[in-house]
Amino acid sequence: METLLTLQTERLLLRPFTADDRSAVQAILGDQTVTRTLLDIPYPFTSEDADFWIRAGHAGIQTNLLFPFAMTRRADGLLIGCIDIELQPEHRRGDIAYWLAPAHWGQGYTTEAARRIIQFGFEDLGLNRVYAQCLRTNVASARVMQKAGLRYEATLRHSTIKDSAFVDIDVYGLLRTDFPT
Ligand SMILES: CC(C)(COP(=O)(O)OP(=O)(O)OC[C@H]1O[C@@H](n2cnc3c(N)ncnc32)[C@H](O)[C@@H]1OP(=O)(O)O)[C@@H](O)C(=O)NCCC(=O)NCCS
């Protein structure tokens, strides 16, 4: 498989991150408006954290276990967020996740990217199952999953600790057999 692949949607180019994206990544993941609904992102999020995060993504690409894409606008090349799919190849399933700079929320960008990466998962990666998870309170993320075609499956009660408190996680998924061709 080609490692440095890109995907396109109507308004977006999804491309691999490069070292030059460090300050953009730091700006977005350094914003607690973004990270308060994410797990495992340190605060403050330093330039070194951004470097480490980009390198970890490249390591994932090398092993074909993680495909992180910078969400960039085709019109001007601006990096506005990230969408990724993490594989468990032994089960032919992939877990998608995403984040976006707040200035661009509510314009359908993440839904557009999620539809494309779901298609990538089924058609290019040959997955049998694509799913995503969010905090039960993360209405915007749940809405993205629904609009992208994932179906609500379950609530994992108190499955995770976030900011020293147990939180519920909602799971949305889709099987290959249900994916419209
Ligand atoms: C989740 C996130 C990626 C959504 O990105 P986005 O590009 O704004 O999403 P979209 O515009 O495609 O869709 C968002 C939908 O949620 C809805 N929404 C947003 N906030 C909402 C709220 N508080 N209550 C109800 N609906 C809400 C929007 O109206 C929209 O639905 P609609 O098209 O039916 O009106 C963005 O909010 C984000 O980066 N959040 C922080 C990081 C995060 O939580 N990532 C997901 C972790 S699981």
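Against which elements do the buried residues of α1 pack? The structure in view is a predicted model, in which local features need pLDDT of at least 70 and side-chain atom pairs count only at pLDDT 80 or more, while totals for chains, interfaces and linings use all residues. Residues are numbered from 1 along each chain as its sequence is written, and side-chain values use heavy atoms, with hydrogens and water left out.

Helices and strands are DSSP runs numbered from the N terminus (helices are H or I with at least four residues, strands are E with at least two). Helix α1 spans residues 22–29, and its buried residues are Val25, Ile28 and Leu29. These residues cover an arc of only 85 degrees around the axis, which puts them on the same side of α1; the arc is that of the directions from the helix axis to the C-beta atoms. On the other side of α1, Ser23 and Ala27 are exposed. Here buried means under 20% relative accessible area, exposed means over 50%, and partly exposed lies in between (1.4 Å probe, protein chains only). The buried residues of α1 pack against α2 (32–35), α3 (47–62), β4 and β5, where contact means heavy atoms within 4.5 Å.

Two of these partners may be followed further. Thr35 has its place in helix α2 and counts as buried at 9% relative accessibility. Beyond its neighbours within four places in sequence, Thr35 is in contact with Leu29, Ile41 and Lys162. In helix α3 lies Asp49, which is partly exposed at 24% relative accessibility.

The interior is described next. A nonpolar core is a set of buried Ala, Val, Leu, Ile, Met, Phe, Trp, Tyr and Cys residues joined through side-chain atoms within 4.5 Å. The largest such core has 34 residues, and those with the most contacts inside it are Phe69, Met71, Ile83, Ile85, Ile96, Ile118 and Phe120. Among the elements that give two or more residues to this core are β3 (66–73), β4 (79–88), β5 (93–100) and α4 (109–124). The largest share, 7 residues, comes from α4. Leaving aside neighbours within four places in sequence, Ile85 is in contact with residues including Phe67, Ile96, Ile117 and Phe120. A second, separate core of 14 residues includes Ile28, Leu29, Ala70 and Ala101.

The model also holds a ligand. It is surrounded by 22 residues, the closest being Thr37, Gly106, Thr111, Asn138 and Lys147; a residue is near a molecule if one of its heavy atoms lies within 4 Å of it. A side-chain N or O atom of Thr111 is 2.5 Å from a ligand oxygen, and a polar side-chain atom of Lys147 lies 2.6 Å from a ligand oxygen. For Leu100, a backbone N or O atom lies 2.9 Å from an oxygen atom of the ligand. The protein covers 71% of the 960 Å² of accessible area that the ligand has on its own, as given by the Shrake-Rupley method with a 1.4 Å probe; for residues, only the protein chains shown count as cover.

Terms used
Polar contact = N/O pair within 3.5 Å; in protein donor to acceptor, adjacent residues only side chain to side chain.
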